[in-house]
Amino acid sequence: MQTIVIKFLSHTVTPFYLMVTCLSTLLLMSGCATTGQKLGTRFFPPPPQPPKVQFLKRISSSRDVEKRSAFETFVVGGESVRNFGKPYGIEVYNGIIYVCDVQFGTVMVIDVVNNKFDWFHDQGAGNLIRPINIAFDKNGTKYVADYDRHQVVVFDKDNNFKRAFGNKEQFKPTDVAVFGDKLYVADSRDHEVEVLDKKTGERLSIIGDPGQDEGQFYHPTNLTIDKDGNLYVSDTLNCRIQKFDPDGNVLLVIGQCGDAVGTFARPKGVAVDDKGFIYVVDSAFENVQIFTAEGKPALFFGGWGDAMVPGALWLPAGITTDKSLLSYFNSLSHDDFILEHLILVTSQYGPPYINIYGFGNAREGSPLAKGEVENQKEYGKKHGSGAPKALKNKKTK
């Protein structure tokens, strides 16, 4: 992908009254009603540059997944609309979207193909309290980092509780990643990543310690692992991403605290695609930055906007990439935009929701490749770009 240098757009911290549109005391089976209005499309970078990312769809509640109309529900009865409380971690396994909801203390299970919206139900010893992130091994076993349980809670491929690792003395987990027989756990309390045996929970080693030097952490929050077993850590309060090889050696450091291209304020979710591009959610700037495998800034997408701005993010947290749902979402892409994979991002407020984007390229020679996107131009005339004020070009310590 050709590196595109774009001036970043951001804003001051979103006022509380703008972010919170649903009361935090709402129960899982109720909540703020979504409008059901369809959002327009939006490309990043915007015209006249050739697009690399297209906003495809937003999921705000079960109404965006299940097909029963309000009239059918009124006539034949049925469950109330199910909303998110505060979604954080997100992963896709075998075409099913799993979202950790820290407010409702569960994992949402979203099957967009079969129009089902469900969640992990109370399982006694497997009951979740504050699940933040989730990871899968190749056979579908699920590992959930539960911050308030001080544990990684393990479920089988059918979502049945199997076991739990950890205790209050060991860690306060914020994320978990799996590769081979190893389980990597981000511990935000002790500022380290613990490496466990994924079958027994035995501690095998520790990566990092508190500090600001390379290989050290200050509140690590999110993890991901690439196809070669390299570990990426969101070192949140050090405002950077660190990449480690399977032996725990530092390979790459991306970013620092600042408000310019390639810097961060609050990096959270991190993901890596098959080509090695690195995606980093910044919850303060409310956007996602994409970096090359070498750590060079490529482009960004998202940005703050009101509920009717396509692709806008409100305090985003989790991110993942996926190919298993490409055929399903391909119908939502522009005719001249060729999808390579999907990008899914959670927003914790706004009301909370999931944004689904397509990463790809405009068809060569098409008007889209030349930056001629009439529907986006019309959208911009009516609603504005939805982009907040530009960041300054100076770096801050």
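This is a predicted model: local features need pLDDT of at least 70, side-chain atom pairs count only at pLDDT 80 or more; totals for chains, interfaces and linings use all residues.
Q: Why is Phe 136 counted as buried?
A: Phe 136 has a relative accessibility of 15%. Buried means under 20% relative accessible area, exposed means over 50%, and partly exposed lies in between (1.4 Å probe, protein chains only). Residues are numbered from 1 along each chain as its sequence is written, and side-chain values use heavy atoms, with hydrogens and water left out.

Q: What makes the rings of Phe 44 and Phe 301 a tilted pair?
A: The structure holds 16 aromatic pairs. In the pair of Phe 44 and Phe 301, the centres are 6.1 Å apart and the planes stand at 55°. Rings of Phe, Tyr and Trp (its six-membered ring) pair if their centres lie within 6.5 Å; planes under 30 degrees apart count as stacked, over 60 as edge-to-face and the rest as tilted. The angle of 55° belongs to the rest, so the pair is tilted.

Q: Which parts of the chain does this pair link?
A: Phe 44 is in strand S1 (residues 42–44) and Phe 301 in strand S22 (residues 297–302), 257 residues apart. Strands are DSSP runs (E, at least two residues), numbered from the N terminus.

Q: How do you know whether Phe 44 and Phe 301 are buried or exposed?
A: Phe 44 has a relative accessible area of 5%, and Phe 301 has 0%. Phe 44 therefore counts as buried, and so does Phe 301.

Q: Why is the pair of Tyr 93 and Phe 136 called stacked?
A: The centres of Tyr 93 and Phe 136 are 5.1 Å apart, with 0° between the planes. That angle is under 30 degrees, so the pair is stacked. Tyr 93 lies in strand S3 (residues 87–93) and Phe 136 in strand S7 (residues 131–136), so the pair ties together parts 43 residues apart in sequence.

Q: What makes Lys 172 a charge over the ring of Tyr 147?
A: The charged end of Lys 172 sits 4.1 Å from the centre of that ring. The definition asks for NZ of Lys or CZ of Arg within 6 Å of the ring centre and within 35 degrees of the ring normal. Arg 58 likewise sits over the ring of Tyr 353, 4.2 Å from its centre.

Q: Why do S11 and S14 count as edge strands?
A: The four strands form an open, antiparallel sheet in the order S11-S12-S13-S14. S11 (173–179) and S14 (203–207) each have a single partner strand, so one side of each lacks a neighbour in the sheet.

Q: How do you know that S11 and S12 pair?
A: Two strands pair if DSSP finds at least two bridges between them. S11 and S12 (residues 182–187) share six bridges in the antiparallel sense, so they qualify. Among the bridge partners are Asp 175 and Ala 186, and Pro 173 and Asp 187.

Q: What makes S12 largely enclosed?
A: Five of the six residues of S12 are buried, so the rest of the structure largely encloses this strand.

Q: Why is Asn 94 called exposed, whereas Glu 286 is called buried?
A: Asn 94 has 66% relative accessibility, over the limit of 50%, and is therefore exposed. Glu 286 has 2%, so it counts as buried.
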